[in-house]
Amino acid sequence: MSSYQKTFSFFFLLFVFWSCRDKVSERIISPNKEIDTIVFAALPRTVKSPINNKNTKDKVALGKLLFYDPILSGSKDIACVTCHHPSTGYAEFLDVSIGTNAKGFGSKRVFNSPNTIPFVKRNAHTVLNTAFNGLGQDLEYDPENAPMFWDLRANSLEEQALMPIKTLEEMRGSKFTEETILPEVVKRLKQIPEYKKLFKNAFSEENAISEENLGKAIAAFERTLVATNSRFDQYMREDENAILLSEKEGFSLFKQVGCANCHNGPMFSDYKEHVLGVPENIKIKEIDSGVNRSYAFRTPTLRNLRFTAPYMHNGSFLSLQKVLEFYEDISNNKTINKNVSPKNYDPFIKQLNLSVKEMSLIISFLNTLNDTDFDKEIPEKVPSGLPVGGNIK
């Protein structure tokens with residue numbers, strides 16, 4: 001073969017590759033030697049369920065009522081939805097939540113008096129798309145082993161769903177212990193005829209009301225809370241006009257400066273823990289040392305950031321601009337949290353190359369990850385007869 005033929009063949013194959021590539025999954029070469037390629041992709045259109053907890057219409061309907069019913073809390077005054085409301089993207093616009101023994105909603109929520117309950121220790125994750133937690137760069141995930149919480153202490157939605165009920169400052173309160181609250185909740189549910197019927201229909205069992213089935217029902221509902229058609233998703237599904245030119249430039253910068261080392265895959269998270277040295281929140285009396293007292297916290301998703309401010313594990317930063325400025329500071333080895341030495345910062349931090357002039361373009365790109373098309377319907381009533389959502393009015 002002549003040199004001319006070789007050159008022609010090379011450029012022809014290159015043209016075929018680029019014209020036929022599927023943008024639903026985009027790979028880039030990472031400057032980090034530990035990551036050969038970084039994948040970005042649209043979210044799947046369907047959700048996986050665990051083998052032992054297949055989603056059904058009855059199970060989801062039951063889970064939704066439980067999600068809104070304060071019967072699950074120790075003092076019957078707070079529900080899951082109190083801190084994860086559809087009007088705020090199943091998160092809330094607070095740095096850290098105010099749980100039981102309180103009243104009001106969002107920024108107007110205050111503790112009752114007298115009060116001995118502390119603030120919830122960490123910022124409330126959005127429930128949106130938690131069905132995809134663990135979805136990685138290989139575009140695979142296991143719903144039975146899905147990382148949950150800032151400190152990775154739960155491994156599935158079923159396990160996660162019960163933990164706020166057992167936590168003092170979230171839903172349990174001081175009337176019950178961690179060991180007695182779930183048996184108490186099960187006892188209450190068994191005394192409500194409507195719940196007895198709903199559990200029986202959902203699980204096809206005579207004595208279906210149990211701690212395990214309580215977690216399964218809530219998890220089944222939470223797996224329906226997805227937002228999979230952001231402008232970025234549309235762009236990755238071949239709609240070139242779904243995002244603006246400036247947003248495409250922001251996407252390129254996002255990858256170039258090193259954000260993608262931790263925020264990658266369809267969920268823009270590697271679901272690993274990283275040490276950043278985020279400043280402490282003065283509302284939290286005890287220092288939060290994160291995963292295994294290492295000051296590491298799990299990488300959050302970047303989807304639907306419009307609903308999740310303030311940002312970071314303790315709501316330290318009110319805006320995305322402040323977050324990016326923080327990253328610029330720690331990449332230059334500035335000490336922000338006196339409890340965390342720069343020598344312990346995650347190695348990825350050293351690879352960030354972020355300038356102020358690039359921040360606005362990156363923020364414009366992050367806005368393409370917002371999606372407001374999700375279930376916002378609120379039940380008119382719950383089987384317990386208690387106020388829907390707890391004491392939020």
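This is a predicted model: local features need pLDDT of at least 70, side-chain atom pairs count only at pLDDT 80 or more; totals for chains, interfaces and linings use all residues.
**Entry on the annotated site**

I placed Cys80 in helix α3, which spans residues 80–83. I then checked its accessibility: Cys80 has 11% relative accessibility and therefore counts as buried, the cut-off for buried being under 20%. Leaving aside neighbours within four places in sequence, I found Cys80 in contact with Phe67, Leu72 and Met171.

I next turned to His84, which is found in the loop between α3 and β3 (102–103). With neighbours within four places in sequence again set aside, His84 is in contact with Phe67, Tyr90, Ala91, Ala124, His125 and Val127. I note that Phe67 is listed for Cys80 and is listed for His84 as well.

**Entry on the two domains**

I looked up the domain assignment of the chain, which gives domain 1 as 39–43 + 229–368 and domain 2 as 57–223. Each domain gives 30 residues to the contact between them. Taken over C-alpha atoms, the centres of domain 1 and domain 2 are separated by 27 Å.

I then examined the interface. About 2600 Å² of area is buried between domain 1 and domain 2, and carbon and sulfur atoms give 62% of that area. I recorded 11 residue pairs in polar contact across this interface, both residues at pLDDT 80 or more. On the side of domain 1 that touches domain 2, the elements giving two or more residues are β2 (37–41) and β6 (296–298). The rule also finds 2 salt bridges across the interface.

**Entry on salt bridges**

How many salt bridges does the rule count? I recorded 15.

I looked at Asp151 and Arg122, whose closest N and O atoms are 2.9 Å apart in a salt bridge. Both residues lie in the loop between β4 (110–111) and α4 (157–166), and the pair links distant parts of the chain, 29 residues apart. Asp151 and Arg122 are both buried.

I compared this with Lys200 and Glu206, which form a salt bridge with the closest N and O atoms 3.2 Å apart. Lys200 is partly exposed at 39% relative accessible area, whereas Glu206 is exposed at 60%.

I also noted the salt bridge between the side chains of Lys334 and Asp329, at 3.5 Å from N to O. Lys334 has a relative accessible area of 45% and is partly exposed; Asp329 counts as partly exposed at 24%. Finally, I found one network in which salt bridges with shared partners join Arg122, Asp151, Arg153 and Asp288.

Methods
Residues are numbered from 1 along each chain as its sequence is written. Side-chain values use heavy atoms; hydrogens and water are left out. Helices (H or I, at least four residues) and strands (E, at least two) are DSSP runs, numbered from the N terminus. Buried means under 20% relative accessible area, exposed over 50%, partly exposed in between (1.4 Å probe, protein chains only). Contact means heavy atoms within 4.5 Å. Domain bounds come from an automatic or database domain assignment. Buried area is the accessible area (1.4 Å probe) that two parts lose on being put together, summed over both. A salt bridge is a side-chain nitrogen of Lys or Arg within 4 Å of a carboxyl oxygen of Asp or Glu. A polar contact is a pair of N or O atoms within 3.5 Å; within protein, one must be able to donate a hydrogen and the other to accept it, and residues adjacent in sequence count only if both atoms are side-chain atoms.
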